Amino acid sequence: MSQRSGSAANQSRRTFVKVLAGALLFFIPGKTQARSLLASPVKVNHLRPPGAVPEELFPAKCIRCGRCAEVCPYRSIKILDIKYGVFAGTPLIDVEEVPCYLCMKCVRVCPTGTLRRISQEETRMGLAVINRRQCITWRGVALCRTCYNVCPFKEKAIHLDQLRPVVDERYCTGCGLCTHGCPVTPKAINIEPVYSFAEKNG
Amino acid sequence: MARKYGNIRFFVQFLAFLVILVNPFLNYYWHFNFVQGWYQSLGIGKLWFVSPLEGLESILVSKTIYLPLLIGMLIPVLVAYYLGRVFCGWICPINFLCELEDRLLRLLGLKKRRDLFRLPKRTLWFTLIGDITLAMILGAPLFVFLSPPGLVGREIMMAVFFHTLALEGVIVIGVLVLNLFTRRFFCRYFCPLGGLLAFLGQKRRFRVVRLREECKECGLCEKACPLGLSPERGENESAYCWNCGECIDSCRFEALSFRWVQEAGGEKR
């Protein structure tokens, strides 16, 4: 009982220390770049897995359980670390490295609904955009049609117009197979995450 | 007196740790996807578990409700309601690592340790409220990406999958270092998940019960308790107790035992 009365006397000081310690605990990641802490890691060719909710909801909804990365058979999904601030632990696909093959396994295991249960066709990770100044076919240098060949929705998402590839945004899922396959450096076809930031574009 | 519960519990903790240790290897090298995740969310076939605090933060911060998430939280919540903080005591990988640390120190002969820093036990509630409020103010679920129980699993997974360790793993090391000064310092005062489970388990049925006639008030149980609770003062009935059974093992007079209490809050005498 003597201990209890002792702690009661120091109550206010301890509460203060407690609050201070708690605050410090939560602001340790603040030492990394302040800008990147709240800036989304989603950008060209760096996309969320299929069925992801809009980016402003994503870090709130995802509980960072990593199950999507564990089931991904192609190792497309990477897990971000604390350098990405509040986005630490969230999944991201770098399509230049490993694209998404749309097996839809991650969608089926997500426990929070951050990745919505959708079909392959409904997937909208982004939109493939051809840079006609880079593309060797469009420039007339060569007759490459790798992006057309690798596209999982050939003739729909990418079709050939006078042997030159054209993307149809009604069908493009943004899986990134075309970007991954593109032989030109820098890539002549890139995935723009146009659906992740609905506010800005809509 | 044989360390009856101590050994059983260590074995259970070891098995629970084995799940998150072996599972990334199974997933990575053999594409064996039957079990995925760790103790933030664990999927065993079609059976999903979601950690209650992570789920709660996800719902509160995103302000959306997803039914599978609620169903996944159901079993952990019911376990916490009836059995108390058994997750902390028997499963949590952080507690397992602390336990390993304790056992290692005991092997090295550094047996006698006093709890150097002590805070009021109520700190746990402040942590829980503070975590949820801060998460809602910042609009980012803090515990979700900084939770030590989840971090252990994520670090193992990162090591296996990407052959690297995430920077936030220093939190785990910090927790282990603090454990050197005060046993389970983080678990006692600063684990929001522990706070939520303690809150849910206030009226738990499964608890440590002290027989007053047998008790000689020798104080051994208080020394044995990793949370620094004293059964002699009735703190085994408080919300903070995580039902590890260390006090039962330490008691020489068999005054303490696990009981299934019938009505909520009622003590059996």
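## Helices α6 and α11 of chain B

In this predicted model, Leu124(B), Trp125(B), Thr127(B), Leu128(B) and Asp131(B) of α6(B) meet Pro192(B), Gly194(B), Gly195(B), Leu196(B), Ala198(B) and Phe199(B) of α11(B). Two residues are in contact if their C-beta atoms, placed from the backbone, lie within 7 Å. Helices (H or I, at least four residues) and strands (E, at least two) are DSSP runs, numbered from the N terminus. The residues of this contact comprise seven nonpolar, three polar and one charged. Here Ala, Val, Leu, Ile, Met, Phe, Trp, Tyr, Cys and Pro count as nonpolar, Asp, Glu, Lys and Arg as charged, and the others, Gly among them, as polar.

Two packed helices are described by the angle and the distance between their axes. Helix α6 (residues 123–138) and helix α11 (residues 192–200) of chain B have axes that come within 8 Å and cross at roughly 110 degrees. α6(B) is therefore roughly perpendicular to α11(B). Axes are lines fitted to C-alpha atoms, for helices over the stretch in contact, and angles run from 0 to 180 degrees between N-to-C directions. Angles under 35 degrees count as roughly parallel, over 145 as roughly antiparallel, 65 to 115 as roughly perpendicular and the rest as oblique.

## Chain B as a whole

Chain B contains 13 helices and five strands. The C-alpha atoms of chain B fill a box of roughly 55 × 45 × 35 Å along the principal axes.

Of the 269 residues of chain B, 49% count as buried. A residue is buried if 20 or more other C-beta atoms lie within 10 Å of its own, exposed if 12 or fewer, and partly exposed in between, with C-beta atoms placed from the backbone.

## Hairpins of chain B

Strand β1 (residues 35–38) and strand β2 (residues 41–44) of chain B pair in the antiparallel sense over four bridges. Two strands pair if DSSP finds at least two bridges between them. Gly37(B) has Leu42(B) as its bridge partner in β2(B), and two residues lie between the strands of this hairpin.

β2(B) also pairs in the antiparallel sense, over four bridges, with strand β3 (residues 47–50) of chain B. The bridge partner of Gly43(B) in β3(B) is Trp48(B). In this hairpin, with two residues between the strands, Gly45(B) takes a positive phi near 60 degrees.

In chain A, three strands form an open antiparallel sheet in the order β1-β3-β2. Its edge strands are β1 (46–47) and β2 (77–79), each of which pairs on one side only. β2(A) is joined to β3 (residues 91–94) of chain A over three bridges, and Lys78(A) has Leu92(A) as its bridge partner in β3(A).

Pro41(A) lies in the loop between α3 (34–38) and β1 of chain A. Pro41(A) is partly exposed because 19 other C-beta atoms lie within 10 Å. Beyond its neighbours within four places in sequence, the contacts of Pro41(A) include Tyr84(A) and Leu92(A).

## Contact between the chains

The contact takes 31 residues from chain A and 44 residues from chain B. Helix α8 (residues 148–162) gives the most to the chain B side, with six residues.

## Conventions

Residues are numbered from 1 along each chain as its sequence is written, while chains are lettered from A and ligands numbered from 1 in the order in which they are written. In this predicted model, local features need pLDDT of at least 70, side-chain atom pairs count only at pLDDT 80 or more, and totals for chains, interfaces and linings use all residues.
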